[in-house]
Protein chains: 2
Amino acid sequence: MDLNDRKFKILEAIITDYIKTAEPIGSRTIAKKYDLGVSSATIRNDMSDLEELGLIVQPHTSAGRIPSDRGYRLYVDKMMQSQELSPEVADLLQNVVENNIGQIDYLMQQTAKALAALTNYTIVVTEPKSSRLNIKHVQLVPVDERSVVAVIVTENKSVKNHVLRVSNVPDIEQLNSISQAINTAIQNYTLQDMESIASVMLQTYPENRELVTKLLKAILTAVKQNDNVHYYTSGVNNILGFPEFSDVEKAKNIFRALEEKDMLITLFDKDSEHNDEVHIVIGGENNMKELQECSIVRADYNYGNDSYGTIGVIGPTRMNYSQTVSVLNAIIKNLETVIKSISDGKNKDGKNG
Amino acid sequence: MDLNDRKFKILEAIITDYIKTAEPIGSRTIAKKYDLGVSSATIRNDMSDLEELGLIVQPHTSAGRIPSDRGYRLYVDKMMQSQELSPEVADLLQNVVENNIGQIDYLMQQTAKALAALTNYTIVVTEPKSSRLNIKHVQLVPVDERSVVAVIVTENKSVKNHVLRVSNVPDIEQLNSISQAINTAIQNYTLQDMESIASVMLQTYPENRELVTKLLKAILTAVKQNDNVHYYTSGVNNILGFPEFSDVEKAKNIFRALEEKDMLITLFDKDSEHNDEVHIVIGGENNMKELQECSIVRADYNYGNDSYGTIGVIGPTRMNYSQTVSVLNAIIKNLETVIKSISDGKNKDGKNG
DNA sequence: ATTAGCACTCACGCCGAATGAGTGCTAACA
DNA sequence: TGTTAGCACTCATTCGGCGTGAGTGCTAAT
């Protein structure tokens, strides 16, 4: 059985209608609302065929049809038209990015927030993560009589603070000296050779043994933390807005799933090489039973060499794929252009610059 | 009409029972479950009196009684017994605090998380905020060819990073020199006298005009950000676990309310001097209609001179006030002892120390 | 002051009928 | 052979009625 033009149109009608209304749609409604030039009986026959192909299903005997996961898949792969963003939306997305360059965490947060507001779905954004991580610069800053902050700048430009608590804090000159020493040590050895670095440092600063030890530990932690993906979510509550989750139990399950970090990580890492395409996982295609009624649209953004992060949109299976893909493409393009322009040196100023 | 001992006992029975079960409770049940030595008819008469006093209400004619806001108020003010924490819980609360000293933001986050897990309510923790804020130390750290991080340590020991984007980054010696200069300048002048600081700095480092200007701006931002209360929430989803919010619409309203930052701020600032007592706002006592079915238990913790933050617990009116107050008292005591011991110098080590 | 007894109220759950949206099938038609 | 009108059939949903039971309020007796 092949799909003629009319059947495609009927499938499309069912999908777009269902995305809008969340109600099963029947033959008569299609005949009236969409001008296909045939009677409801004909549409009925076609729908019967579409059901036989597994593209639509009937929730119960006397109801209309709704798209199946396979139906959505066909739609997304073959039929969906890319959607032009309105200038307002495009502007908004651009502003979000441009106003927040410089502070990665803030940028991620704001991006997530904007996307959540725009799409009404749940957004997850991961911080850029590179496969190999090197420390670029370390600086010790005094806080009070018993604590020093180690500011650690990594090669992918993230800046992390680690508070070191020590029994006595050396003066600023000494702190600077130690900072400088560790920086040269890091340049001369690789981080894998921590023992060498440690012995050199402890030899040079025997009187600051405690501080140096803790500093080295902090550096190791920073490197390890790289494996520990940081991410930001926004719009989790949007879930409650959809009739398919008006059952509190269902909503709770989804919330629980979203809270579990590991789950999200696998969600984003699995089965997908990092590439330039938007990736769509529909309903049961993902193997987490808590999210079988959800779809996930995700895309990666490059952030300098070897370093990339992910933006994911989680919504009901009945989500507006076309709009979501457009928005994702736009924000990723914005992120990447701005990032590139910064490293090229013709940057605009960030909010805090 | 006065409240004799038995009526108090009946009220208490109704409140504790309702807190546990969320079901209206009738005279017969009280007679059976609580050993008052009188018949259900007697209890019925007493309940009628309690209702007349506005301490309990009937959801509908043929239902049992539930406590009114005024009933809870009487209970909380006059009848509630402080509850001993189990050693496990006490330990847990202590560990949370002690393992996270040093990194305020992390400490707040973990505290919120622990309290949410423990109480099953929603927790809001605000970062300590002092009425006057002074900068204690500033250090510039290079990130890449076009950006420098200004690490700003304030007197209340918070450490903030501000990325400064500049057209060219001076070398490390120069950055250190500028850092040192700004530190002495800040010591010599007050922050109110920014113009003097600016003119001195710009005179000393004419070739780094851009960097210095942005640095000063960042410092001002840091001071101003102090007005901007930072807070952490946890356990928002716990709301969904309570039958009173099993209606999705209600849950959504509460979520919306909790999302609005301003709302939370007023919730915490309003009508309450900062003092050592746990503060309880019951149901309709707060004037936000979205939260009229919720109660808020909050307490402030001192964080060094003039600086304090707030921990708030938000739950259904039918919340376990006694347990909540105990937990709050415990965590606040822990926070304050640990903070004090740090400034006294006999600290334990933090996780990252 | 307390209690037993009784009439009364009313939310809740269950049943059955009516409704109506939607289907599948068949026979007729172009 | 594809399309259509017509019709019987299905079944979720709605609504009214009815029985049940938890709970009250009142009264009269203790």
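Which residue in E6(B) is the bridge partner of Val141(B)? The partner is Val149(B), and the points below set this pair in its surroundings.

1. This is a predicted model, in which local features need pLDDT of at least 70 and side-chain atom pairs count only at pLDDT 80 or more, whereas totals for chains, interfaces and linings use all residues. Residues are numbered from 1 along each chain as its sequence is written, chains are lettered from A and ligands numbered from 1 in the order in which they are written, and side-chain values use heavy atoms, with hydrogens and water left out.

2. In chain B, three strands make up an open sheet with the order E5-E6-E7 and antiparallel pairing, where strands are DSSP runs of E with at least two residues, helices are runs of H or I with at least four, and both are numbered from the N terminus. Two strands pair if DSSP finds at least two bridges between them. Strand E5 (135-144) and strand E7 (159-165) of chain B are the edge strands, each pairing on one side only, and the twist from one strand to the next averages 25°, with angles running from 0 to 180 degrees between the N-to-C directions of lines fitted to C-alpha atoms, for helices over the stretch in contact.

3. Eight bridges link E5(B) to strand E6 (residues 147-154) of chain B in the antiparallel sense. Helix H7 (residues 172-188) of chain B packs on the sheet and touches E5 and E6 of chain B, its direction making about 160° with that of E5(B); contact here means heavy atoms within 4.5 Å.

4. Chain A also has an open sheet of three strands, ordered E5-E6-E7 with antiparallel pairing. Seven bridges join strand E6 (residues 147-154) of chain A to E7(A), and Ala150(A) stands opposite His162(A) in E7(A).

5. DNA strand C is surrounded by 22 residues, the closest being Ser27(A), Arg6(B), Ser39(B), Thr42(B) and Ser62(B); a residue is near the strand if one of its heavy atoms lies within 4 Å of it. H3(B) gives the largest share of this surface, four residues.

6. Among the polar contacts (pairs of N or O atoms within 3.5 Å), a phosphate oxygen of DNA strand C is 2.4 Å from an N or O atom in the side chain of Thr42(B), and a phosphate oxygen is 2.9 Å from a polar backbone atom of Ser39(B). A polar side-chain atom of Arg44(A), by contrast, lies 3.2 Å from a base nitrogen of DNA strand C.

Notes: A polar contact is a pair of N or O atoms within 3.5 Å; within protein, one must be able to donate a hydrogen and the other to accept it, and residues adjacent in sequence count only if both atoms are side-chain atoms.
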